[in-house]
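Let's walk through this structure together, one part at a time. Have the sequence and the coordinates open as you read.

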Amino acid sequence: MAFRSHVLVCAGTGCVSCGSYELGAAIESELAARDLAREVQVVRTGCQGFCAEGPVLIVQPDDVFYCGLKKSDVPTLVEEHLLKGRPVRKLMYTPPTAPAPVPTLSQIPFFAKQRLVVLRNRGLIDPERIDDYIARDGYAALAKALAEMTPEQIIQEIKLSGLRGRGGGGFPTGVKWATCRQAAIHRGVEPIVVCNADEGDPGAFMDRSIIESDPHAVIEGMVIAARAIGATQGFVYIRHEYPIARERLAKALAQAREYGLLGRGILGTKFDFDISVVQGAGAFVCGESTALMASLEGKVGEPRAKYIHTVEYGYKNLPTNLNNVETWANVPLIINRGAAWFTSMGTGDVSENPWNGSSGTKVFSLVGKVNNTGLIEVPMGITLREIIFDIGGGIPRGRAFKAVQTGGPSGGCLPSSHLDMPVDFDSLTAAGSMMGSGGMIVMDDQTCMVDVARYFIAFLTEESCGKCIPCREGLRCSLDVLTRITEGKGEEGDVALLEEMGGVMQDACLCALGSSAPNPVVSTLRYFRDEYDAHVREHRCPAGVCKALITYEIDQAKCDGCHACVTACSTGAITGQVKYPHLLNKDLCIKCGACMDACKREAVLRA
Amino acid sequence: MPRLTIDDLKKMRDQTAGAIALRAGTARARVTVHMGTCGIAAGAREVMAALLAEIERQGVTDVMVATSGCAGLCSREPMATVEVLGQAPVKYVNLTPRDIQEVFRRHVLGGDVVTESALAAGCETTG
């Protein structure tokens with residue numbers, strides 16, 4: 001019997017860790033107990049994007065979104081909504097600024113401002129069922145590419161769409177495919193197709209979510225490219241830290257093989273292609289094309305100089321076409337709906353030259369000091385303000401926006417004066433940041449920009465492979481200087497030294513990891529130089545973050561002796577009788593700030 | 001499962017698309033069975049089961065079935081509301097499993113209101 005209602009339970013990594021599998025099972029058993037199991041279907045979908053409120057689910061066709069669910073909510077949910085058709089308001093989402101719960105998806109700003117292209121199937125299909133993907137026009141683009149298009153036409157369509165690499169570089173995808181095809185024909189060898197799923201930026205989970213929610217979209221994109229450039233062998237290079245993504249990808253590949261969508265004679269034609277999965281061990285540098293290919297070959301994951309490009313000599317010296325997960329997932333829709341549809345979204349005019357603009361959409365993982373953390377997809381050209389304040393719901397606890405970091409650890413921090421800037425490849429680069437793979441970290445006024453730069457440089461120092469000196473030593477030296485500044489030991493000339501080292505690294509590093517590594521320092525110097533000066537000249541941290549530069553004390557006039565700070569303090573630094581002003585012993589204080597969070601009368605001062 | 005050809009893929013898509021269409025919120029009509037305590041006591045669960053069975057038998061995939069609370073006319077339960085896209089909703093009363101199947105065939109599929117069971121067309125004034 002057909003189901004009248006579908007309960008789409010999010011089974012992305014975020015919600016799974018909040019217990020969505022248990023929640024789904026509880027709903028199923030409650031449905032069975034009420035004899036509704038044949039009327040209502042529970043579907044586990046990929047990430048629905050609203051990770052901040054997990055576990056989440058959507059009831060369709062009613063379009064009602066529930067969040068923050070517990071197992072104890074299940075009986076009410078099933079009886080009221082699924083049996084009696086009365087959506088349960090108290091389990092719905094309340095936006096931070098709205099007075100009453102908002103019932104449907106289209107009324108929640110988080111969902112309403114998004115445009116789902118790559119994530120078109122998120123929350124709608126079960127990623128482990130190929131039939132669900134096919135029902136949503138899955139593999140139709142492959143059928144079209146095989147039956148109605150020549151390889152040249154496929155490449156031309158991708159070129160015209162202006163699709164640019166979503167892994168960070170923004171290189172025009174169609175141009176890359178054409179070069180790879182040419183190189184293979186010229187040398188008389190078979191090219192290789194590779195999917196880069198080695199997502200390593202801290203706080204980024206776009207590729208992970210795409211594979212978890214819609215693995216077949218990535219596979220279909222790769223098969224179409226293989227047809228276009230003449231490849232028979234492909235790889236997905238995925239990090240081993242993504243267990244759910246790996247599992248779903250493996251299932252999807254097996255199902256595609258069973259249906260004849262991979263392997264020999266795809267869809268009854270003479271075209272052969274298959275994909276193997278290779279696990280990366282989690283080195284950040286292996287997301288870089290030449291290091292990734294070295295790792296694929298079983299060598300140490302180190303980059304090489306790129307005077308010869310990997311599209312000509314890549315994996316085992318064969319012409320190799322490497323694209324990122326999100327790029328691949330765009331391909332089927334461009335083939336299905338045409339380049340003109342794709343260029344209707346975005347900025348610039350890419351009809352003559354794909355470098356002239358940014359078409360389509362971009363997926364971001366929106367994290368940090370923002371109310372709605374999660375996975376979002378927006379049209380290119382949307383402003384940072386719309387992303388952070390409309391979709392993201394603004395800054396928590398009414399604090400002020402300070403900066404947004406885009407492009408991962410080697411991206412840059414943009415201040416509030418850039419909030420109305422359109423988000424596309426070229427605007428971000430011009431402002432001193434970059435698109436990168438799509439991490440977006442929002443920072444509030446309690447964030448110290450010197451400390452942020454130090455954090456990212458520390459990450460990159462750990463991850464530098466050490467092959468070239470400017471990157472290895474430049475990062476280590478930058479980290480020393482930044483650490484000194486945050487400890488209050490900065491000297492005149494430190495800032496100039498950071499700038500000089502940044503310039504050398506940008507010019508001299510072997511790969512993009514190194515040449516973009518100074519970005520966090522360069523961009524914070526560009527927009528927040530006064531904070532560096534305050535640290536160096538006045539030994540003061542304006543945001544109150546750098547522990548060596550702050551002290552806590554208790555305002556005797558405001559303290560009412562409630563004892564809350566005494567309970568919160570883990571080192572016994574605060575003493576005093578109940579109902580009498582307390583005292584803080586600075587020798588015992590570790591400056592964790594717990595007393596400040598615990599105090600309701602703002603009697604704890606930070607200087 | 002045998003390996004697919006391009007034609008097989010299209011057939012498969014057409015067969016499966018309907019089930020997913022409901023998840024994406026696209027449908028040509030919507031039948032709401034009123035499931036208040038009064039409705040359930042009067043047999044709304046059986047009406048629902050009969051409706052779903054009829055939809056299955058007809059192979060229809062783009063009609064939404066929803067439940068809702070008491071429609072306010074407890075004496076005439078089980079009740080259902082049929083909304084065909086672009087037309088005023090029609091309320092049906094005193095339904096039996098056989099009636100709802102008739103309503104589905106004649107109104108939802110055929111486009112004619114089943115006057116024997118219909119109470120009224122249109123909605124109540126709200127707001």
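A residue is called buried if 20 or more other C-beta atoms lie within 10 Å of its own, exposed if 12 or fewer, and partly exposed in between, with C-beta atoms placed from the backbone. By that count, 37% of the 127 residues of chain B are buried. This is a predicted model, in which local features need pLDDT of at least 70 and side-chain atom pairs count only at pLDDT 80 or more, while totals for chains, interfaces and linings use all residues. Residues are numbered from 1 along each chain as its sequence is written, and chains are lettered from A and ligands numbered from 1 in the order in which they are written.

Let's stay with chain B for a moment. Its C-alpha trace spans about 55 × 30 × 25 Å along the principal axes. Chain B has four helices and five strands, where helices (H or I, at least four residues) and strands (E, at least two) are DSSP runs numbered from the N terminus. Read from the N terminus on, the elements of chain B follow the order α-β-α-α-β-β-β-α-β.

Now to where the chains meet. Two residues are in contact if their C-beta atoms, placed from the backbone, lie within 7 Å. On that basis, 33 residues from chain A and 31 residues from chain B take part. Strand E1 (5-10), helix H5 (130-135) and helix H6 (140-148) of chain A each supply at least two residues of the side of chain A that touches chain B.

Chain A itself is divided into domain 1 (5-105), domain 2 (130-349), domain 3 (360-444), domain 4 (449-538) and domain 5 (551-606), with bounds from an automatic or database domain assignment. The centres of domain 1 and domain 3 of chain A, taken over C-alpha atoms, are 29 Å apart. Their contact takes seven residues from domain 1 of chain A and eight residues from domain 3 of chain A.

Next, look for an open sheet of four strands in chain A, ordered E7-E6-E5-E8 with parallel pairing; two strands pair if DSSP finds at least two bridges between them. Strand E7 (274-280) and strand E8 (320-324) of chain A are the edge strands, each pairing on one side only. Inside this chain, six bridges join strand E5 (residues 192-197) to strand E6 (residues 233-239), and Cys195(A) has Val236(A) in E6(A) as its bridge partner.

Finally, why is helix H21 (residues 519-527) of chain A largely enclosed by the rest of the structure? Because eight of the nine residues of helix H21 of chain A are buried, among them Pro520(A), Leu525(A) and Tyr527(A).
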